[in-house]
Amino acid sequence: MKRLFITAENLCILIIKLKRDCDEFIAPKKEHLDDIIFGDTKDDGGELLDYEGNSIISTRAFFLPQTEPFFEISSAKNSDFVPIEDKKKRLFYGIRPCDVKALVLMKKFFIEDGFVDIPYKQKVENSTFIALACAKRCLEKSFCHKMDAGPLAKEGFDLQLIPVSRGYLVEVGSKKGSQIIKKNKKLFSNTKTQDEKEIKQMIKNFAEKVKKIDYKRLARIMKEDKVGHKIWDDLGLRCVICSGCITLCPTCSCFSVTDRLNGDRGVRFRYCDGCPYVGFTKMAGGSIPQPLHKDHIRRFFEHKLNVDVERYGMPSCVGCARCIQTCLGNINIQKFIDEVLAS
Amino acid sequence: MIKRVLTTCPYCGVGCGFYLDVRDGRIVGVIPSRSNSVSKGYLCVKGWHAHEPVQHPDRLKKPLIKENGKFKETTWDIALDYVAKRLKEIKDKFGPDSLAVCTSARCTNEENFLMMKFARAVLGTPNVDHCARTCHAATVSGLNQSFGSGASTNSYDELPSMDCIMIIGSNPTEAHPIVGWRVRTAIDNGAKIIVCDPRRILPAESASIYIQHYPGTDIALLNAMINFIIEENLQDKEFIEKRTEGLQQLRETVKDYTPESVKDITGVKPQLIKEAAKVYATSKRSCIMYSLGMTEHTVGTDNVIAMANLAMICGQVGKEFSGLYPMRGQNNVQGACDMGALPNVYSGYQPVTDEAVRKKFETAWGVSLPSNVGLTLTDMMLRAVEGRLKCFYIIGEDQLRTDPDTHMIERALDNLEFIVVQEIFLSETAKKADVVLPGASFAEKEGTFTCAERRFQRVRRAIEPISGKTDGDIIAELSKRLGYAMESRPKKICDEMASLTPLFTGVSFERLEENGLQWPVPDKNHPGTPIVHKGEFRRGKGKFIAVKHRPPAEVPDSRYPFILSTGRILFHYNTGTMTSRVANLIREYPRNFVQINPSDAKKLGIKKQEEIKVKTRRGELVVLAEITDKVKAGVLWMPFHFSNEPTNVLTNSAYDPVCKTGEYKVCAASIEKLK
Amino acid sequence: MTNEYLPKKAKIERIIEETPDTKTFVLRLKDESDGVLKYKPGQFLILSLAGYAEAPFTFASCQSKDGKFEVSVRKVGSLTNALHQLKEKEIVGIRGPYGNSLPLDKMKRRDLLFVAGGCGVAPLRPLIQYVFKNRKDYGRVEIIYGCRRPKDIFYKDEIKSWQNNPNSDMHLTVDEPDESWSGACGVVCVLLPKIKMNPKTTMVFLCGPSVMIKFAIKDVLRLGFREQNIYASLERYMKCGIGKCGHCYIKGKYVCLDGPNFSYAEMKKLGIES
């Protein structure tokens with residue numbers, strides 16, 4: 001479908017209209033000093049229309065939050081569990097292509113693969129996504145282009161905005177997206193050839209000096225266990241189980257469930273859990289199937305770079321570099337990929 | 001509604017900043033703050049879960065009064081009226097010296113200021129102290145003598161650029177993870193790390209030099225290093241000449257401490273000591289990082305002085321990329337010390353015995369204040385056992401699990417007339433109280449914490465106090481009932497504190513908004529002080545003080561042949577009242593354990609994860625055995641985080657005569673297999 | 001669409017004390033609207049106890065018409081301890097059935113060898129009961145069951161009926177006999193060489209502590225049994241049961257979805273045999 005155009009002023013008007021139809025308008029918001037975090041700007045108008053970089057948290061924090069009350073336990077004795085539903089209508093604005101790709105992968109995992117995760121599905125069904133393509137690489141460390149997750153999103157959005165000098169180009173990605181265009185026809189106009197030229201140049205600049213990685217080859221090397229053991233040993237020495245990576249990664253999906261009771265009533269939660277913890281795979285009798293710490297980190301990397309290539313045809317690492325910016329051991333997944341492919 | 005509240009972590013002394021992610025009144029999670037200069041977007045596993053204990057169902061919500069040995073819930077008015085009445089009764093009957101206040105190193109600066117004010121101005125007692133007594137009191141007393149000021153000399157951000165970091169008696173990876181991250185970055189940048197620790201901690205795996213000395217032999221080790229440095233002429237003569245005094249006396253003493261002569265005491269090869277000394281002395285940017293491994297000894301003050309000597313000999317203090325980093329344990333233990341919650345000083349370390357200082361406070365507060373130095377926590381317990389202390393008001397501290405020789409502490413508490421404990425969970429100490437007052441967590445109050453690099457940082461309220469009152473509110477209301485009106489608004493308390501404290505005059509909530517301020521901040525325009533003792537030490541010239549090796553109070557013998565040392569692990573915090581309520585953390589380490597060397601385990605026939613009995617002269621404990629070569633043969637190590645398996649029943653309460661810190665790091669123990 | 005995480009209510013109809021630390025709970029779905037729980041031998045359910053979260057347990061009895069199903073629970077942690085405190089008529093939460101079942105069709109007309117160690121007899125019991133119910137569909141049946149001590153034997157009465165069953169051979173052994181014990185002694189693997197079954201065609205089903213399974217598989221392979229005919233259940237801590245939470249994930253497979261029952265050949269192919 002052909003692209004449309006919208007000016008910055010009209011975009012503001014569009015946002016005002018869109019805010020009326022949603023319960024929460026999740027957009028990048030400036031917090032303290034330089035921190036940008038996705039927040040609800042429906043009432044305070046603090047959204048950043050265009051911004052540099054990415055939000056500290058990804059969209060996952062809204063679909064699989066760090067702690068999520070699942071069920072209200074209205075009577076522990078009678079095993080009465082009442083589902084806590086989240087049916088809020090959310091409009092996500094300004095999502096980067098890396099996070100959009102992550103959403104696609106998470107949707108496949110939670111909704112389209114095998115059993116359906118109802119709590120996740122509920123939230124996604126009530127969400128609308130307006131992506132914002134990246135005019136330039138958000139950080140030195142991000143490598144979305146290498147992971148085929150930027151600078152433009154290919155699918156998974158309702159609308160995608162691409163910044164050009166005179167405003168934004170608009171791509172429609174779904175029926176919901178075209179509905180929005182239809183309802184606000186007056187705000188949109190046609191593109192000009194100059195716009196397309198700009199985009200071509202932008203993609204060229206983005207990809208400059210950055211080669212796409214051959215992720216199929218990477219997956220094969222890992223599957224055949226040909227990664228140097230020194231690499232795994234070094235990772236095992238660096239990781240101190242801070243859990244930052246699994247909490248911030250937009251495609252991490254592991255969780256655990258726990259109950260918090262107060263007398264006969266309480267709440268059943270699901271909370272973020274995952275690879276680095278020794279206790280994650282600990283069994284009822286206390287034995288641990290994989291006791292070596294370096295094997296936990298290995299599992300994290302294998303899952304994202306090897307197993308998911310087999311499952312989904314692409315790695316589930318989207319190159320957002322959030323884990324790199326929070327790892328206390330200075331572990332860098334991009335360096336890992338380069339090292340493995342180079343050897 | 002989604003709200004992000006920027007605040008400071010309530011766990012260790014590093015002082016990381018993060019946002020509490022509040023949605024519809026529930027704290028959902030934690031978001032790291034990249035713009036925070038301490039944590040820069042990094043957090044440790046405890047920080048990532050700092051929100052979980054806040055709204056846990058076990059939180060104390062109502063005051064409790066003990067009736068016939070059982071707690072009964074009651075209202076605030078009844079509880080506060082009762083507490084005020086009893087405090088007054090005991091003060092009138094036995095005198096103000098029979099009362100003692102233990103403030104909380106977990107509460108804010110403002111609340112600590114109120115608490116020490118309450119003790120001195122309202123109760124009229126000089127007996128106010130807090131848990132710095134059990135950790136870094138030696139730093140204060142030691143560095144005060146050497147430099148004139150007892151706090152970290154440099155800032156965290158200098159660490160990644162160091163050429164040499166000597167880590168002695170500190171485990172930054174586990175006890176101060178975000179500083180541990182900076183050490184990791186320094187290693188990646190090519191820095192040489194010297195690790196001196198009886199246990200092979202994680203940094204030792206990447207260290208250039210790893211010295212595994214016996215617990216309690218640090219002075220011998222450091223003196224030997226100084227001996228070698230002087231012998232090889234590696235000292236910084238210019239620095240010594242211009243900025244120090246007392247070298248002669250030091251030379252006289254370290255003459256006897258050649259690396260060869262300390263081989264047996266320390267258990268370290270002389271060559272290793274020489275190498276370490278050389279690296280430290282010849283690196284352009286060297287610093288010493290230390291923590292409780294140096295201070296929790298009967299020679300804690302001397303240990304600190306020895307390190308100060310080493311730093312001064314090499315000119316590695318009083319300038320950028322050098323210095324001493326005492327890693328403070330708790331989120332606000334630095335602040336509690338700074339606010340004068342100590343028996344001998346007011347806020348900013350102004351001595352209580354100084355006439356002019358006392359008059360200043362008396363005028364500001366409108367009451368006469370005690371002029372004598374009060375009791376330390378250590379002495380409070382001893383007095384309680386003797387029956388001379390009658391009443392203890394404990395805020396946010398779990399002495400029954402953190403102080404050495406638990407059975408003695410229990411006797412002390414049982415002997416008191418009246419105990420009030422202000423807490424957020426029903427800790428073991430709270431169970432001994434006559435009245436329990438439910439306080440507020442870090443997420444429920446406004447205020448400031450001061451972290452280990454002397455930085456004041458803001459703490460902000462994310463939800464209303466679950467019990468209805470913050471700790472500051474409680475103190476103010478008690479004070480009102482005792483006839484003294486107190487300001488309870490944190491902002492105003494901060495201003496009052498600043499007006500009375502030359503060291504922090506320029507501190508105010510507005511000025512802390514961006515990235516806090518490192519003290520000294522002597523006036524309202526001062527930008528803060530990242531590096532102290534630049535150009536001149538606080539006392540003028542740095543003082544070399546000769547210290548000699550003294551063996552620990554209790555050394556192994558035939559009945560108790562092992563050295564037992566204690567410490568922290570990454571996943572838990574202090575007595576585990578908070579971390580045992582976080583699912584991910586308690587799952588990693590649900591139970592206490594003792595680390596024992598494989599050769600010792602083999603000799604005794606102990607198998608992996610076997611339950612064994614650890615015994616000392618003070619008590620015994622059955623724990624799981626973890627067989628590891630991280631500890632030297634003859635040495636045992638245990639964490640103290642498990643309330644139902646309390647390690648401190650074993651530890652020795654013998655203390656450093658100067659600062660009164662207990663010797664947690666060394667005592668004699670034996671191991672028995674269970675039948 | 002059903003929310004798989006929502007537990008159904010089940011009532012404890014009866015509690016049987018098997019050994020000092022194991023109880024068998026006979027359960028039935030409480031609400032009529034939930035119908036009857038339909039499952040196959042080898043599958044598991046997730047038992048949910050408010051305040052203690054959830055844990056997986058294999059069905060310990062085969063499908064019966066009255067809708068009752070059994071679960072044998074050993075006291076090892078906080079949830080199982082709390083379960084042991086419950087009484088008859090109390091309610092627990094159930095999710096499932098989950099997991100793959102054992103290959104009942106492939107087993108038809110084949111000779112079957114069941115090797116159970118300790119509490120491993122519980123997951124094999126539904127299969128054995130099913131085989132006995134449909135005895136003529138299967139060939140020879142031999143059962144080896146070993147426990148540490150006589151008092152650790154589960155389903156004592158039913159075991160007697162298996163021993164007395166003329167259409168099958170049952171070998172019972174304990175490691176540490178007491179005065180009253182008159183049967184075989186030694187670990188399960190000691191009895192394996194005594195089995196006279198055709199190793200090329202017999203299907204072997206193993207269940208027990210992982211150490212026992214490891215050695216048993218070694219012995220059974222040495223005796224010539226085929227990799228594709230040897231079945232064991234892989235021990236992993238399954239939590240959600242539906243392949244989402246990641247606890248049982250190993251090398252790209254979710255034990256709760258693709259297992260927990262695997263043939264040794266499958267395990268080797270997936271690289272998860274250790």
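Guide: In chain B, residues 24 or more positions apart account for 73% of the contacts with a separation of 6 or more, two residues being in contact if their C-beta atoms, placed from the backbone, lie within 7 Å. The model is predicted: local features need pLDDT of at least 70, side-chain atom pairs count only at pLDDT 80 or more, and totals for chains, interfaces and linings use all residues. Residues are numbered from 1 along each chain as its sequence is written, while chains are lettered from A and ligands numbered from 1 in the order in which they are written.

The secondary structure of chain B consists of 25 helices and 28 strands. These elements are DSSP runs numbered from the N terminus, with helices (H or I) of at least four residues and strands (E) of at least two. The radius of gyration of chain B is 24 Å, close to the 26 Å that the globule rule gives for 675 residues, so chain B is as compact as a globular protein of that length. That radius is taken over C-alpha atoms, and the rule is 2.2 Å times the number of residues to the power 0.38. Along the principal axes, the C-alpha atoms of chain B fill a box of roughly 70 × 65 × 55 Å. Of its 675 residues, 61% count as buried. A residue is buried if 20 or more other C-beta atoms lie within 10 Å of its own, exposed if 12 or fewer, and partly exposed in between, with C-beta atoms placed from the backbone.

The contacts with other chains come next. Two pairs of chains touch, and the most contacts are those between chains A and B. In that pair, 35 residues of chain B are in contact with 37 residues of chain A. On the chain B side, the elements that give two or more residues are strand 1 (2-8), strand 3 (26-32), helix 1 (45-48), helix 6 (177-188) and helix 24 (583-588). Helix 6 of chain B provides the largest share of this side, six residues. By class, the side of chain B that touches chain A has 18 nonpolar, nine polar and eight charged residues. Here Ala, Val, Leu, Ile, Met, Phe, Trp, Tyr, Cys and Pro count as nonpolar, Asp, Glu, Lys and Arg as charged, and the others, Gly among them, as polar. Chain B and chain C, by contrast, do not touch, and their nearest C-alpha atoms are 11 Å apart.

The backbone sites remain. Most residues other than glycine have a negative phi, and most peptide bonds are trans. B:Asn233 is not a glycine, yet has a positive phi of about 60°. This residue lies in the loop between helix 8 (218-231) and helix 9 (237-243) of chain B, and B:Asn233 counts as exposed because it has 8 C-beta neighbours inside 10 Å. B:Phe321, also not a glycine, has a positive phi of about 55°. The loop that holds B:Phe321 runs between helix 14 (300-313) and strand 13 (324-326) of chain B. With 17 other C-beta atoms within 10 Å, B:Phe321 is partly exposed. Finally, B:Trp519 and B:Pro520 are joined by a cis peptide bond, with omega about 10°. B:Pro520 belongs to the loop between strand 19 (517-518) and strand 20 (542-543) of chain B.
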